[in-house]
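Here's a quick tour of a model you can follow on screen. Have the viewer open while you read.

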Amino acid sequence: MAINVRIHPLHPNGSQRVEIGGRLDTHTYGELDDRLTLVLAAKVQSLLLDLAQLEYISSAGVRSIFRVRKLLSERGGKAVVANAQPQVQKVFDIVKAVPLSEIFRSVEEADAYLDRIQKKIVAGDGED
Amino acid sequence: MDQPPMQAPSAPSPAAVRVPWHASLRTRLMLWVGLLLALLLLAGFAAAFLAARERVVADAEARTRYEAQQAADRLDATMRSVRVSGEAMIELSNRVSLTRGELLAAMEAMLDANPSTVGGLVAVEPGVLADRAPMAYYVGIAARGVPDRDLLADGYDLAGRDWYQRTLKATSPWWSEPYFNETAGGRYMTTLNLPLRDREARRIGMVSLDVPVQALSSSLESLRTVTGQRTALFAPAGTVAVHPERGVAFAHSLAGYIARFGRGDLEPMESARAQRRGLQFTHADARNGTVRYSVLQPVGDSGWSLQLSLARDAMLAGLDSAMRMLGLIGALVALLLALAVLRLARRITVPLTELTASAGHFASGEFDWPVPHDARGDEVGVMARALERARDSIRLQLDEIGRYAAERQKLQSELDIARSIQRSMLPQDRDFDGAGLQYRLRARLEPAKAVGGDFHGHFPHRGGGAWFVLGDVSDKGVPAALFMARAVTVLEVAAAAGDAPDQVLADAARHLCEGNDACMFATVLCGLLDTATGELAIASAGHDAPLLRHADGRIETIALESGPALGFHAQCSFQVWRGRLQPGALLFAYTDGVTEAFDRDDAAFGEDRLHAALRGSRSAAEACDGVLRAVHAFASGAAQSDDITVFAIDCATRPAAGEWPIRLRVPDERARLPELLDAVAAALRDAAVDGGCIHDAQLVVEELACNLMDHGVRGGVDALAVGLAIEAGRVVVEIRDNGAAYDPLAHPPPDLEADLDQRPIGGLGIHLVRELSQRTVYRREDGWNVLRIELDAILPAT
């Protein structure tokens with residue numbers, strides 16, 4: 001089984017929604033890494049990883065997501081997770097690679113969160 | 001690692017090289033010059049002072065002597081005049097027969113003519129004058145405050161007076177001691193008594209002349225004007241007539257004064273006075289320590305003595321103040337000179353400071369910083385130029401070091417490439433399946449340098465068996481590596497064509513001898529394993545005989561007749577040892593890097609330790625790793641002196657197929673992992689296990705398999721197998737691998753609470769396995785690591 005990655009257009013709040021489907025494991029994480037590297041090369045502030053179609057994730061896949069979060073946090077950005085299926089959510093719960101506050105049940109909730117973050121950043125810039 | 005990183009020694013900043021003022025060359029130069037000058041001046045002044053002092057004292061003493069002489073002469077003149085008056089009176093009375101009245105008139109005229117006298121007595125014995133009556137009449141000069149007095153009329157007992165009797169007996173005039181005279185106006189007087197004789201030299205009376213002491217002492221007034229100079233006058237019997245100290249005059253004799261006031265220093269003067277001789281002497285007043293120079297001068301033959309003394313302090317007063325002034329000027333000169341030196345020293349110290357600052361910049365690598373004062377012709381210029389030369393030399397050497405480092409780096413990277421090429425020439429470990437048995441060939445090679453001369457290899461035999469070779473080229477490093485490459489190729493070619501190890505070695509010897517101008521050689525062990533029967537045929541070209549570890553643990557050194565090493569002779573023959581590798585037994589071969597590994601005390605590892613390390617090994621991989629571990633532990637950090645190669649073949653019962661449905665070679669067959677996961681899923685679906693459990697089982701297998709593929713190779717893993725079972729309502733997954741004993745679950749859990757930025761990416765897989773499973777058990781079984789994972793499952797009711 002393979003992995004499906006679909007990258008949506010840039011959201012007005014500066015975040016990029018990425019749908020990941022299929023299996024994210026030791027054989028497929030490389031493909032995700034390649035796709036996300038292209039996305040991150042642009043000046044993306046935040047990533048919304050929509051995992052609605054993701055059936056399976058192993059620690060190799062978790063590491064990919066972890067790596068993306070680390071890269072983004074270095075530039076002050078966020079990578080949040082939405083729509084994780086129960087078995088995927090279970091893995092996240094165990095390894096705690098993403099804080100619970102940044103795992104959302106729906107894309108809408110995640111967007112609202114990223115909007116707030118964006119406003120905060122803009123307000124912060126204005127103060128400078 | 002709590003210690004902070006060591007600070008690189010920082011170059012001194014120009015500010016840091018500033019010398020504190022008290023350590024500065026300038027200050028020291030100034031102080032030394034000032035001190036030296038002050039000492040010289042002080043010594044000069046002291047010498048001058050001493051000389052001047054001696055001179056001043058001598059001068060003052062001479063002056064005092066002179067003045068004493070002058071004063072004595074003046075006094076003597078006064079006294080002589082009185083005596084002349086008295087003698088004139090006597091002459092008059094002797095030569096001219098005078099009446100009483102005429103005698104008194106003459107006396108008055110005499111007294112009047114001498115300003116020193118204030119009165120005089122004329123006494124004549126009875127029967128001398130014309131009226132034969134005695135006479136005793138005192139003639140006073142009314143103008144000088146002294147009245148006349150007729151002593152005879154007053155009933156004065158003249159004859160009863162000592163001084164009258166003494167005068168009558170005297171042959172010459174004599175001066176009386178001073179006495180207080182009420183009649184003559186309450187003054188101290190001294191009297192010159194002269195005897196009166198007739199022509200027959202009979203004593204007929206006397207004449208005396210009174211002189212106030214004041215008249216004598218007034219001539220000494222001028223002496224008192226000199227500071228520190230004192231005068232004293234002593235009467236003939238020693239009575240003090242004039243004395244600078246209040247209350248001494250007329251109250252004491254000199255002897256009495258000496259006794260009364262503790263003036264022992266004046267004793268010599270008293271004895272000189274008594275003998276009527278002069279004396280010059282220096283004495284100290286014991287009462288106040290005053291040192292004085294005194295001159296005692298007798299006043300003519302009158303019996304009086306004059307003392308003139310001058311205090312030593314007074315003599316030196318002028319000298320002292322002059323010396324003080326000179327000292328002050330000297331100190332000022334020393335100070336000015338020291339300041340001048342301070343200014344001059346700037347010409348040395350300022351350039352020195354600037355040069356030091358430049359040196360500081362060189363130390364921090366700023367070699368283009370200019371060196372000041374390098375054009376000066378003095379020592380500073382010499383130093384500046386020396387500094388410049390040193391700087392240029394350092395810069396040159398640094399450049400050279402940089403060039404060497406670059407070359408070395410290039411060489412190193414070439415060596416790294418050579419190393420990876422050489423490693424790629426060594427074959428992978430391999431298993432050969434026989435009839436129900438499995439022969440596992442394992443080898444490990446650790447070069448002492450980047451590249452080495454040890455080698456091992458195995459090639460398939462055209463008859464169905466396996467060739468194996470193990471060799472050690474003389475020397476180490478690049479030359480050995482090149483010869484090793486040739487040896488491996490030659491041996492492989494020879495093995496492909498040969499059927500017996502002695503033939504292969506003989507063939508290889510012939511080829512390796514050709515064109516071996518460098519005289520390199522290799523010791524080689526060559527063997528053939530018949531995988532169908534387990535039979536072994538081994539030949540040695542100068543190599544250590546291999547060891548056979550039997551199933552019962554006994555270790556046998558194979559009795560192998562060795563031939564010459566390859567590379568010496570083109571024609572040589574070799575003996576062949578034949579034997580069989582039984583199940584559970586193990587053939588172990590090695591290069592001398594093992595037995596000749598040295599510890600820090602230069603002791604060799606040796607065969608005994610090799611046997612001990614080998615004894616407990618249960619598989620070829622364990623034997624190789626165990627021996628290497630033992631060698632490393634023995635050397636414990638001592639530098640590796642030679643390439644180390646170990647090689648082992650074991651014979652094990654092959655695990656039955658089906659029990660372990662899926663076997664993967666690690667890490668070559670990583671791509672087959674999805675196949676493995678699919679097989680796991682399919683097997684569990686067949687058993688109607690729920691989807692969640694299948695997911696977890698797949699996750700567990702993937703994590704553990706990946707872990708083995710990523711990290712297991714280091715531990716000698718080259719095969720893994722997965723078994724599945726359903727026991728007591730749980731899915732049991734067993735994963736086994738043939739690496740060195742290692743329990744992955746013993747790995748500490750990752751710190752999941754750490755900040756996202758701080759957390760390492762990794763260590764998550766094992767954590768997942770641990771969290772997903774209900775129970776995990778690790779065991780070691782027949783050379784395999786076996787990890788048993790139990791997962792909760794929802795199973796259909798049976």
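What percentage of contacts in chain B between residues at least 6 apart in sequence join residues at least 24 apart? The answer is 62%.

## The big picture

Keep in mind that this is a predicted model. Chain B runs to 798 residues, and 33% of them are buried. Its secondary structure comes to 17 helices and 28 strands.

Start with H1(B), which covers residues 25-95, and H8(B), which covers residues 312-363. Their axes sit 8 Å apart, and the packing angle is about 160°. Angles over 145 degrees count as roughly antiparallel, so that is the label for H1(B) and H8(B). The crossing of H1(B) past H8(B) is right-handed. Sorted by class, the contact between H1(B) and H8(B) holds 27 nonpolar, 4 polar and 3 charged residues.

H1(B) also packs with H2(B), residues 100-113: the axes come within 10 Å and cross at roughly 160°. Again, that makes the two helices, H1(B) and H2(B), roughly antiparallel. Here too H1(B) passes in a right-handed crossing, this time with H2(B) as its partner. On the H1(B) side you'll find Ser85(B), Ala88(B), Met89(B), Leu92(B) and Ser93(B), and they meet Leu103(B), Ala106(B), Met107(B), Met110(B) and Ala113(B) of H2(B). The tally for this contact of H1(B) with H2(B) is 8 nonpolar, 2 polar and no charged residues.

## H8 meets H9

Now move to H8(B) and H9(B), the latter spanning residues 379-425. What is the angle between H8(B) and H9(B)? About 5°, with the axes 11 Å apart, which means H8(B) is roughly parallel to H9(B).

From H8(B), the residues involved are Ile348(B), Pro351(B), Leu355(B), Ser358(B), Ala359(B) and Phe362(B). Facing them from H9(B) are Val380(B), Met383(B), Ala384(B), Leu387(B), Arg391(B) and Ile394(B). By class, the contact of H8(B) with H9(B) has 10 nonpolar residues, 1 polar and 1 charged.

## Two nonpolar cores

The largest nonpolar core has 70 residues, and the ones touching the most other members are Ala487(B), Leu491(B), Leu505(B), Leu566(B) and Ala648(B). Helix H10 of chain B, residues 477-497, gives the most to this core: 10 residues.

Zoom in on Leu491(B) for a closer look. Beyond its neighbours within four places in sequence, Leu491(B) is in contact with Val469(B), Val504(B), Ala508(B), Val524(B) and Cys526(B).

## Where chain B touches chain A

Chain B puts 17 residues into the contact and chain A puts in 19. On the chain B side, the elements giving two or more residues are H15 (673-686), H16 (691-711) and H17 (764-772). H16(B) has the largest share of that side, with 6 residues. Split by class, the chain B side that touches chain A has 9 nonpolar, 4 polar and 4 charged residues.

## A stop at Phe281

Finally, look at Phe281(B), which lies in strand S10 of chain B, residues 279-284. Why does Phe281(B) count as partly exposed? Because 15 other C-beta atoms lie within 10 Å, whereas buried takes 20 or more and exposed 12 or fewer.

Leaving out residues up to four places away in sequence, Phe281(B) touches Pro268(B) and Ser294(B). Arg292(B) is 11 residues along the chain from Phe281(B), with 8.5 Å between their C-alpha atoms.

Note on methods: Residues are numbered from 1 along each chain as its sequence is written. Chains are lettered from A and ligands numbered from 1 in the order in which they are written. This is a predicted model: local features need pLDDT of at least 70, side-chain atom pairs count only at pLDDT 80 or more; totals for chains, interfaces and linings use all residues. Helices (H or I, at least four residues) and strands (E, at least two) are DSSP runs, numbered from the N terminus. Two residues are in contact if their C-beta atoms, placed from the backbone, lie within 7 Å. A nonpolar core is a set of buried Ala, Val, Leu, Ile, Met, Phe, Trp, Tyr and Cys residues joined through C-beta atoms within 7 Å. Ala, Val, Leu, Ile, Met, Phe, Trp, Tyr, Cys and Pro count as nonpolar, Asp, Glu, Lys and Arg as charged, and the others, Gly among them, as polar. Axes are lines fitted to C-alpha atoms, for helices over the stretch in contact, and angles run from 0 to 180 degrees between N-to-C directions. Angles under 35 degrees count as roughly parallel, over 145 as roughly antiparallel, 65 to 115 as roughly perpendicular and the rest as oblique. A crossing is left-handed if the near helix is turned anticlockwise from the far one by less than a right angle, and right-handed if clockwise.
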